[in-house]
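Reader: Hey, can you walk me through this structure? I'd like to go through it bit by bit.

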Amino acid sequence: MNSPRAQQMMRMLEQRFDAADTNHDGKLTLAEAQAGMPRVAQHFADIDTNHQGYITLDQIKAFMASRAGG
């Protein structure tokens, strides 16, 4: 995923995550995801594989990679 388009998409994802993470703890709760990243919120339970009640940017990236087949 080193193409310029992929890098741009990752930057956009990171920016959206940072904006949605309203308390800036590096984690999104379901409420934060629903407010700031509704498409992520739709898959929250699938992304929160550890069932911790929050998700991280790395977990979102891993989920996206698994959905993209790589």
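**Helices and a pocket**

Author: Let's begin with glycine 69, which sits just after α5 and takes a positive phi of about 85°. Helices here are DSSP runs of H or I with at least four residues, strands are runs of E with at least two, and both are numbered from the N terminus. This is a predicted model, where local features need pLDDT of at least 70, side-chain atom pairs count only at pLDDT 80 or more, and totals for chains, interfaces and linings use all residues. Residues are numbered from 1 along each chain as its sequence is written, and side-chain values use heavy atoms, leaving out hydrogens and water.

Reader: OK, how many residues does α5 have?

Author: α5 has twelve residues, and from first C-alpha to last it reaches 16 Å. That is close to the 16 Å expected at 1.5 Å a residue, where the expected span is 1.5 Å times one less than the number of residues.

Reader: Which residues in α5 are buried?

Author: Leu57, Gln59, Ile60 and Phe63 are buried in α5. They cover an arc of only 160° around the axis, which puts them on the same side of α5; the arc is that of the directions from the helix axis to the C-beta atoms. Buried means under 20% relative accessible area, exposed over 50%, and partly exposed in between, with a 1.4 Å probe and protein chains only.

Reader: And what's exposed on the face turned away from the buried side of α5?

Author: That face carries the exposed residues Asp58, Ser66 and Ala68.

Reader: Back to glutamine 59, what does it touch?

Author: Not counting residues up to four places away in sequence, glutamine 59 touches Ile47, Asp48, Thr49, Asn50 and Tyr54. Contact means heavy atoms within 4.5 Å. Glutamine 59 has a relative accessible area of 15%, so it counts as buried.

Reader: New topic: which residues are buried in α1?

Author: In α1, the buried ones are Ala6, Met10, Leu13, Phe17 and Ala20. They cover an arc of only 90° around the axis, so they are on the same side of α1.

Reader: What covers them?

Author: The cover over the buried residues of α1 includes β1 (28-29), α2 (30-36), β2 (54-55) and α5. On the face of α1 turned away from its buried side are the exposed residues Pro4, Arg5, Gln15 and Ala19.

Reader: Which helices each supply at least two residues of the lining of the largest pocket?

Author: Those are α1 (4-20), α3 (38-42) and α5 (57-68).
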